[in-house]
Amino acid sequence: MKKNIDRRSDYYWGQVKKKGSKYSSFHWPSVEVLLNLAYTYDIVFSHMSQKVSPYGLTKASFGVLMILSRSDTKACKQNEISQLMLVSRANITGLVDSLDRQGLVERTSDPHDRRVNMVKILPKGEKLLEDLLPGYYKYISEMCSIFTPAEKKTLNDLLTRLRKKTSEAKG
């Protein structure tokens with residue numbers, strides 16, 4: 001039986017390394033770290049999307065429900081959701097519209113500022129998360145079971161350092 005070939009791996013670890021080496025500033029170990037990070041993100045979150053899609057959710061709509069369910073009031077300003085998810089207000093509007101049509105959230109005007117939309121998770125949305133989350137968290141635990149607790153801490157520390165350095169970078 002022929003093994004399933006991952007074309008992205010061949011491309012990234014072959015072509016990128018070969019073509020990038022013509023630049024004096026090219027540092028393969030650094031490029032390899034970022035490629036591995038992006039590649040791993042893509043694979044992990046594709047699988048996680050498959051865990052939420054049977055519930056009629058996308059990764060993004062699942063993120064909105066999680067933000068709302070974790071809020072003390074079970075509601076957030078729509079622009080706060082946008083900031084927390086790092087997506088545009090237009091994208092949040094579409095996500096909230098879709099969740100509203102599904103009866104999972106409701107949008108209301110802020111009583112203190114009618115220009116501000118509040119989004120609140122509804123009981124149906126809470127119930128959906130209660131049904132989904134045990135399997136979702138089990139899957140995350142299984143995925144990360146390849147790491148010891150010390151390795152998880154080290155990986156988290158390394159990723160935090162990379163994120164901070166990236167945030168500090170100027171151009």
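**Exposure, strand pairing and core**

Trainee: Is Leu 84 buried or exposed?
Mentor: This is a predicted model, in which local features need pLDDT of at least 70 and side-chain atom pairs count only at pLDDT 80 or more, while totals for chains, interfaces and linings use all residues. Residues are numbered from 1 along each chain as its sequence is written, and side-chain values use heavy atoms, with hydrogens and water left out. Buried means under 20% relative accessible area, exposed over 50% and partly exposed in between, with a 1.4 Å probe and protein chains only. Because the relative accessible area of Leu 84 is 56%, this residue is exposed.

Trainee: Which element holds Leu 84, and how many Å separate Leu 84 from Gly 63 in space?
Mentor: Helices (H or I, at least four residues) and strands (E, at least two) are DSSP runs numbered from the N terminus, and Leu 84 lies in helix 4. Gly 63 is 21 residues away from Leu 84 in sequence, whereas the C-alpha to C-alpha distance between them is 9.4 Å.

Trainee: Over how many bridges do strand 2 and strand 3 pair?
Mentor: Pairing is assigned if DSSP finds at least two bridges between two strands. A hairpin of two residues links strand 2 to strand 3, and within this pairing Ser 109 has Asn 117 as its bridge partner, while Val 105 stands opposite Ile 121. Strand 2 (residues 105-110) and strand 3 (residues 113-121) run in the antiparallel sense, and their bridges number six.

Trainee: Which residue in strand 3 is the bridge partner of Cys 76?
Mentor: Strand 1 (residues 75-77) is joined antiparallel to strand 3 by three bridges. In strand 3, the partner of Cys 76 is Val 119.

Trainee: How many residues has the largest nonpolar core?
Mentor: A nonpolar core is a set of buried Ala, Val, Leu, Ile, Met, Phe, Trp, Tyr and Cys residues joined through side-chain atoms within 4.5 Å. Leu 57, Phe 62, Leu 65 and Ile 81 have the most contacts inside the largest one, whose residues number 26.

Trainee: Which elements each supply at least two residues of this core?
Mentor: The helices that do so are helix 2, helix 3 (59-70), helix 4 (78-85), helix 5 (89-101) and helix 6 (123-144).
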